[in-house]
Amino acid sequence: MNQEEIGKFIALCRKEKNLTQTQLAQKLHLTDRAVSKWETGKSMPDSSVMLNLCRILEITVDELLSAGKAAPQTKTAPDLHSKKATDKKRTTKGRILSAAFTVILFIGILVCYICNLAISGRLTWAFLPASSILYAWLLFFPALLWQKRGIFIVLLSASIFTVPYLFLLGIFTKTAAVFSIGTATALPAIAFLWVIYAVFCRIGKTNKPAAFGITFLSAILLVFAINFILSEMIGEAILDYWDILSVLLLLVLALASFAYGRRKAH
């Protein structure tokens, strides 16, 4: 058992997880000096922390003690076959869900048109729910079909189809404000969702409390942005009683998230 080789293997696994020595030490409730000693081969992890270390680095104890030399043997042909089978099942499941979702929404559109014709004798209001159903399909169908990147696809769909949807909604309702006000408030909301998505992709993997804290603070900015837009467009008050309560609640949640993350780190 070569301590230097094991130390190099720990460092390699840590970097693959995008963790610094300090972050790994925090997860183990140790000092970064202890992790540094492991990686330089000056000491070995105690048995009391070895299981947690392996869990965080997603390796086995055997792989740790053999410095990863046993790792290549684990990826045998049956394992690869099993992975392909799992991927195939996931793909099939995505196709079934997306097809079922499409059929259900298509039936919903048909019901709207049939009811409209039965009640009014001609098509009048059916276009409104039909366009909303179509918008929902454009948003969620790709996410169901390609499940691995579902959130990204939903955000991309929302970015592409929200403004056209509001434009059609304005035409069907014969109300120009639906498009103008809806677009003015929807764009910052979509931008907010992209920011949160990026925060969780970059920070959420290693520090979820901080990611939630940033989310709550960003939500406060979104409240002010939307209220300012509504104030400019329709004379709405920038902040009313409920807005102030919402901002205070979001602020408390943000501070609680940061405090929890700080406590967890220590």
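Ile59 is buried, with a relative accessible area of 13%; buried here stands for under 20% relative accessible area, exposed for over 50%, and partly exposed for what lies in between (1.4 Å probe, protein chains only). The model is a predicted one, in which local features need pLDDT of at least 70 and side-chain atom pairs count only at pLDDT 80 or more, while totals for chains, interfaces and linings use all residues. Residues are numbered from 1 along each chain as its sequence is written, and side-chain values use heavy atoms, with hydrogens and water left out.

Ile59 sits in the loop between H4 and H5. Helices (H or I, at least four residues) and strands (E, at least two) are DSSP runs numbered from the N terminus. Leaving aside residues up to four places away in sequence, Ile59 touches Phe9, Cys13, Cys54 and Leu64, where a contact means heavy atoms within 4.5 Å. Cys13 is 46 residues from Ile59 along the chain, and their C-alpha atoms are separated by 8.4 Å.

The largest nonpolar core has 20 residues, and those touching the most other members are Ile10, Leu24, Trp38, Leu53, Leu57, Ile59 and Leu64. Such a core is a set of buried Ala, Val, Leu, Ile, Met, Phe, Trp, Tyr and Cys residues joined through side-chain atoms within 4.5 Å. At least two residues of this core come from each of helix H1 (3-16), helix H2 (21-27), helix H3 (32-39) and helix H4 (47-57). H4 gives the most, with six residues. Leu53 has Ile10, Leu24, Leu28, Trp38, Pro45 and Leu64 as contacts, not counting residues up to four places away in sequence. A second, separate core of 10 residues includes Ile196, Phe216, Ile220 and Ala254.

Most residues other than glycine have a negative phi. Asn18, in the loop between H1 and H2, has a positive phi of about 60 degrees although it is not a glycine. Glu58 also has a positive phi of about 60 degrees without being a glycine, and it lies in the loop between H4 and helix H5 (61-65). Asn18 is exposed, with a relative accessible area of 60%; Glu58 is exposed as well, at 63%.

Arg262 is exposed, with a relative accessible area of 61%. Its C-alpha atom is separated by 8.6 Å from that of Pro209, 53 residues away along the chain.

The protein as a whole has 11 helices and zero strands. Its radius of gyration, taken over C-alpha atoms, is 26 Å, whereas a compact globule of 266 residues would have one near 18 Å; the globule rule is 2.2 Å times the number of residues to the power 0.38. The C-alpha trace spans about 85 × 50 × 25 Å along its principal axes. Of the 266 residues, 31% count as buried. Among contacts between residues at least 6 apart in sequence, 60% join residues at least 24 apart.

The protein exposes about 17100 Å², and carbon and sulfur atoms supply 67% of it; accessible areas come from the Shrake-Rupley method with a 1.4 Å probe, and for residues only the protein chains shown count as cover.
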